[in-house]
Amino acid sequence: MRTLLIRHISQLVTCDDQDRILQDADIYAEDGVIRAIGSDLPQSADDEIDARHMLCYPGLVNAHHHLYQQFSRNLPQVQNMELFDWLKALYQIWKNLDRDVIYLSSLTGMGELMKHGCTTCFDHHYVFPAGAGDLLEAQFAAASALGIRMHCSRGSMDLSVKDGGLPPESVVQTVDEIMKDSVRVIEKYHDPSFNSMRQVALAPCSPFSVSEDLLRESAAAARQYHVRLHTHLCETKDEENYMLEREGMRPVAYMEKLGWLGPDVWFAHGIHLNDEEIRLLAQTGTGVCHCPISNMKLASGVARVPEMLAAGVPVGLGVDGSASNDGSNLMEEMRVAYLLHRLHSSSAAPSGYDILKMATRGGARLLGREDIGSLEEGRACDLFMLDERRLELVGACVDAGSMLAAVGVPDAVDMTIVNGRVTVRGGRLTGIDEEKTALAAQKKCSAYLG
């Protein structure tokens with residue numbers, strides 16, 4: 001049995017049902033699961049950590065990403081484009097994805113996430129060029145090397161430019177090909193057990209790049225195999241106009257018609273929702289992953305997060321694609337979300353602590369996880385810690401629950417722990433050689449971009 005004891009945590013922000021913040025607290029874990037929280041616990045452990053000057057938080061849950069975009073960040077030719085034109089331009093690069101690009105982009109993207117307190121990452125991968133190999137295997141291999149908890153998606157596209165979609169012909173597949181591989185991926189990789197380190201969702205790209213048949217069959221397969229459903233929805237006005245012209249209905253109504261609402265479904269973005277659609281999402285338990293930095297960069301709009309939270313819509317936080325962010329830092333996303341909604345909604349905006357809960361419990365709920373998202377006995381030992389003696393935190397720790405969103409932390413965290421194992425120590429990843437990895441990734445990136 002593997003044991004861990006963290007002693008004398010200065011402030012432990014639990015994000016539990018009582019919103020407790022504990023002082024001078026200990027955490028004891030066995031095989032990656034918290035077994036006791038208290039003061040001066042009598043246990044001893046294989047690994048003991050003195051945390052007397054540390055602020056401790058539940059690990060952040062990134063509920064929407066596109067890690068393959070790590071190698072197409074900050075490209076000048078797309079900097080001032082909005083979504084549809086941006087996608088069309090970048091598909092000319094993404095059609096050349098291979099296994100090495102996926103492995104190294106996943107390694108660097110998730111490494112950056114972990115260095116900023118993220119312990120669980122959902123990646124929405126939907127670009128599968130012919131002959132590229134098992135790309136999800138590469139992603140899970142990267143996650144294993146880092147020690148991060150990962151949810152992959154068997155994403156998909158079946159409408160190319162000639163069919164009225166956006167992607168080139170070389171990256172779309174038939175519905176039969178997609179569904180056959182979806183079953184293979186679920187059976188090979190999905191682990192639904194408590195404290196699972198890897199799970200799979202089915203995630204067609206968006207209503208404007210997939211057919212009605214693909215959406216229907218994906219929903220049926222997801223429910224047959226008890227995995228979750230995810231797609232982009234209501235991200236731009238262009239999407240709304242496209243759906244009105246093609247289907248004669250708004251995106252949410254279209255997804256409702258196809259069986260794509262329910263507590264096993266979450267959408268990325270959800271910007272352009274009306275009052276009735278927000279009520280419908282709340283009534284059905286359908287979730288939304290908020291991605292403020294991407295929404296701002298692509299000029300997509302401001303999601304109605306205060307209204308969604310007030311209505312009871314499950315809301316989490318995501319960094320979105322590395323090329324629309326252009327980073328993988330969920331802690332930065334928290335502060336931007338806090339400031340954006342303060343600007344846009346004033347006193348109706350979520351508090352700094354509300355934003356923290358979106359990034360922890362909110363993300364866990366979107367992923368269907370009850371074992372992560374808070375620090376409680378019987379839950380996974382996923383957490384990160386910050387030394388409160390840092391110069392940039394002077395005077396900032398009075399309200400530890402709100403501090404991350406209201407003040408922000410520009411540098412890497414002092415420690416990240418996933419499943420009871422230290423994965424970041426002193427701001428450095430413990431599972432890989434950062435310099436060697438960065439060199440290999442940059443070399444591959446340069447070759448990939450030509």
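Author: On a 1 Å grid over the protein atoms alone, a cavity is a set of points where a 1.4 Å probe fits but cannot get out, whereas a pocket is an open set with protein on both sides within 12 Å along at least five of seven lines; residues with an atom within 4 Å of a point count as lining. Grid points are joined across faces, edges and corners, and the volume is the space filled by probe spheres set on the points. This is a predicted model, in which local features need pLDDT of at least 70 and side-chain atom pairs count only at pLDDT 80 or more, while totals for chains, interfaces and linings use all residues. Residues are numbered from 1 along each chain as its sequence is written, and side-chain values use heavy atoms, with hydrogens and water left out.

Reader: How many cavities of 30 Å³ or more are there?
Author: The count is one. The largest cavity holds about 120 Å³ of space. It is lined by 17 residues, and H66, L83, L87, H232 and E235 are the closest to its centre.

Reader: Which element gives the largest share of that cavity lining?
Author: Helix α1 does, with three residues; helices (H or I, at least four residues) and strands (E, at least two) are DSSP runs numbered from the N terminus. By class, the lining of the largest cavity has seven nonpolar, eight polar and two charged residues. Here Ala, Val, Leu, Ile, Met, Phe, Trp, Tyr, Cys and Pro count as nonpolar, Asp, Glu, Lys and Arg as charged, and the others, Gly among them, as polar.

Reader: And the pockets: how much space lies in the largest one?
Author: The largest pocket has about 420 Å³. Its lining comprises 20 residues, of which Q70, R73, T108, A438 and A441 are the closest to the centre. Helix α14 supplies the largest share of this lining, seven residues, and the classes are nine nonpolar, seven polar and four charged.

Reader: What lines the second largest pocket?
Author: The lining includes L309, V313, D354, K357 and R361. Helix α12 (residues 352-366) contributes the largest share, six residues, and the space amounts to about 290 Å³.

Reader: Changing topic, which residues touch the most other members of the largest nonpolar core?
Author: Y57, W94, M110 and L404 do, in a core of 119 residues. Helix α1 (residues 83-94) gives the most to this core, with eight residues. Such a core is a set of buried Ala, Val, Leu, Ile, Met, Phe, Trp, Tyr and Cys residues joined through side-chain atoms within 4.5 Å. Buried means under 20% relative accessible area, exposed over 50%, and partly exposed in between (1.4 Å probe, protein chains only).

Reader: What does W94 touch?
Author: Setting aside residues up to four places away in sequence, W94 touches Y68, Q69, S72, W86, L87, Y126, V127, P129 and Y448; contact means heavy atoms within 4.5 Å.

Reader: Is T120 buried or exposed?
Author: T120 is buried, because its relative accessible area is 0%. T120 sits in strand β8 (residues 118-123), and its contacts beyond four places in sequence include L60, I148, H151, L367 and D382.

Reader: Finally, how many helices and strands does the protein have?
Author: The protein has 14 helices and 19 strands. Of its 450 residues, 63% count as buried. The C-alpha trace spans about 65 × 45 × 45 Å along its principal axes.
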